[in-house]
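Good morning, everyone. Please have the sequence and the model open while I talk. I'll keep this short.

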Amino acid sequence: MTENAPLIDVRGLTKYFATKRGLLHAVDGVSFTISEGKTLGLVGESGCGKSTTGRLLLRLIEPTSGQVLFHGTDIASLSSGEMRDMRKKMQMIFQDPFSSLNPRMTVSQIIEEPLRLHRMIEDRDERMNKVLEIMDLVGLSRRLRNTYPHELDGGRRQRIGVARALVLDPEFIVCDEPVSALDVSIRAQILNLMGEVQEQLGLTLLFITHDLSVVHHFSDEIAVMYLGKIIEKAPADELFAHPSHPYTEALLSAIPIPRLHDRPKRIILRGEITSPVNLPKACRFATRCPKVMSRCHEEEPELCEIGPNHQAACFLLD
Amino acid sequence: MVIGSQSNNTLEIRDLVVEYRTRERVVHAVNSLSLTVGRGQTLGLVGETGAGKTTTGLAVMGLIPKPAGVVLGGAILLNGEDVLHKSDREMKQIRGKTVSMIFQDPMSSLNPVMSIERQISEAIRAHDRSLTRSQVLQKAHEMLEMVGIPRDRGSEYPHQFSGGMKQRVVIAMALSCKPDLIIADEPTTALDVTIQAQVLGLMKDLKDQYRTSMVMITHDLGIVAETCDSVSVMYAGSIVEHGTLHDVFDDPLHPYTKGLFGSLPRLDDRRAKLQPIKGLMPDPSNLPTGCTFWPRCDHAKDVCRVEKPNPTYFGGEHFVNCHLFNEEISGARTVNMGD
């Protein structure tokens, strides 16, 4: 395989949920690729569909339409047995280390469980060695192996979440708000850990978060989602240097910056994200956009190339 | 340094000690904490989970959960008047009228089965019995419009509002009796960034308009930079560093303060490696002796393990509680006891 062949190739991924009030457009025609060893940051506010996208990528839910290609294989075409094998290569780290760990299992049992479920290492001692190895890798002291999650703090629990995701030697990990529940000093520890592990193991990551300073620090490329669509996508530095979509501009300007000098001008948006149910055919950001034009209420802009590797969906950029 | 009780401060806390006692253990939540909020000023109270920020806020409100929570000592002066020895009845008058608190989760302050205009009216009537029913309602509607909610939505219930709108309702309620001090406990932590920007902007405008003093409790140094005049950094129940916004942001001195800044991703250089603080917050029921930060401190010396540091002042109100400076000072920097 060539070096830059995408590991993940997502094409027109769509997920609608039927609700009492109508069709909820959770994810609407999302396409992107992630090259091997790279990190794509997926940002957006609550309800923009970023977590649903993550779940679709792992086929934890079935898409309404669209494809997810992993090494060129459409994962939707796999039988449940084949999908089971595929899951070894695709793992997930969850936001809340308090609810994603079984409280009745010890640390080593939690980390060992995926190995047992996938019958990866049959020999018990060998399996335990692998668990201890991973515990070393994520900085969990071996003496903690017989403790229970409730005895540990949030940072250590998230290390267990990372360890559990790593134990099967995956190639791709979806990280859904992995550090949002953690305190600043602990968050930095976990981010550094994830960066080191990624480099060491050559992992490919989808990093889902609402925290823009974290995503900027951690991603090679960033895609901004709004109401189920990607509205802008660019390499991390490019996006922060030249945000082009009015929503990206407002979103970046809203980050509270912990310094006193050279503070950027803030763009305050009117209103709130509209309901993703029964969306009209119009730009989804039109109701809040400070630069809205009449055309925005009549047509929907497509994601277009506006620079090298830089795409945005806005009529202003035509 | 002597602080006059009739000074121009809205809030003064001196050597406050609060514990939570359970059958198994004693949690030392607040340990000899002192802070001051000048009239019309906003103080940022910064720290991580378990630092005692919320307990400090609750102590000012007289809302420390009993019987587990015990205020063991110190003084809390609101407009120069000690509130620690007030009766429950007197505290009821002070809450809302003199000091209000805004919590992270708006639903902890809102009644789900009462329309929002009735809830705001209730707060107004509790402190002003002279108004007629229609005057109260009129005032409730004014408050709603002030926080950007149209008056015709007043008859709706909390569940009909989004998170950002609910927090606006809570702000309207907190401001309805024009208190001298607002304690905002992580008021925007549960909100999306663009909504957070709206709510912070609103709070700032209203604070300026009413000349309200504020304590902004947060873990986010970005929010402090945006809304505060001065900062107190809290660790394990006491203040480790305090100064004006410029003192603390331009010249952070305490290793913990520096660690907090080092833990943040830098927007100007995304590849800069984060410099986290090693280790974890200490167990508040089993605090380290001496300086509570020494087990996590890269500069810890023998004296740090045994002796509590005293404040060292760096001119103005900037001080730091750290042995590093108690000694270094004699050589390198000149002490300037609060000029």
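I'll go through the interface, then the cysteines, then one glutamine. One thing first: this is a predicted model.

Let's start where the two chains meet. On one side, 42 residues of chain A are in contact, and they meet 41 residues of chain B. How much area do chain A and chain B bury between them? About 3,600 Å². Of that area, 57% is on carbon and sulfur atoms. Which residues of chain A lose the most area to chain B? They are His217(A), Leu260(A) and Glu272(A). Together these three make up 17% of what the chain A side buries.

Now the charges. Between chain A and chain B we count five salt bridges. Here is one of them to look at: Glu196(A) pairs with Lys273(B). Their closest N and O atoms are 3.2 Å apart. Polar contacts come next. Across this interface there are 21 residue pairs in polar contact, with both residues at pLDDT 80 or more.

Which elements of chain A give two or more residues to the side that touches chain B? Four helices of chain A: helix 6 (184–201), helix 7 (212–218), helix 8 (236–241) and helix 9 (246–253). Helix 6 of chain A gives the most, with nine residues. And what is that side of chain A made of? By residue type, it splits into 18 nonpolar, ten polar and 14 charged.

On to the cysteines. A quick reminder: a disulfide is a covalent bond between the sulfur atoms of two cysteines. How many disulfides are there over all chains? Zero, by the distance rule used here. Take Cys283(A). Its closest cysteine sulfur belongs to Cys296(A), 5.8 Å away. That is too far for a bond, because the cut-off is 2.5 Å. Is Cys283(A) buried or exposed? Buried: its relative accessible area is 16%. In the other chain, Cys177(B) is buried too, at 10%.

Last stop: Gln198(A). Find it in helix 6 of chain A, the helix that gives nine residues to the side touching chain B. Gln198(A) has 11% relative accessibility, so it counts as buried, the limit being under 20%.

Conventions: Residues numbered from 1 in each chain as written. Chains lettered and ligands numbered in written order. Predicted model: local features only at pLDDT ≥ 70, side-chain atom pairs only at ≥ 80, totals over all residues. Heavy atoms only, no water. Contact = heavy atoms within 4.5 Å. Buried area = accessible area lost by both parts, 1.4 Å probe. Salt bridge = Lys/Arg side-chain N within 4 Å of Asp/Glu carboxyl O. Polar contact = N/O pair within 3.5 Å; in protein donor to acceptor, adjacent residues only side chain to side chain. Nonpolar A, V, L, I, M, F, W, Y, C, P; charged D, E, K, R; others polar. Buried < 20%, exposed > 50% of the residue type's maximum accessible area, 1.4 Å probe, protein only.
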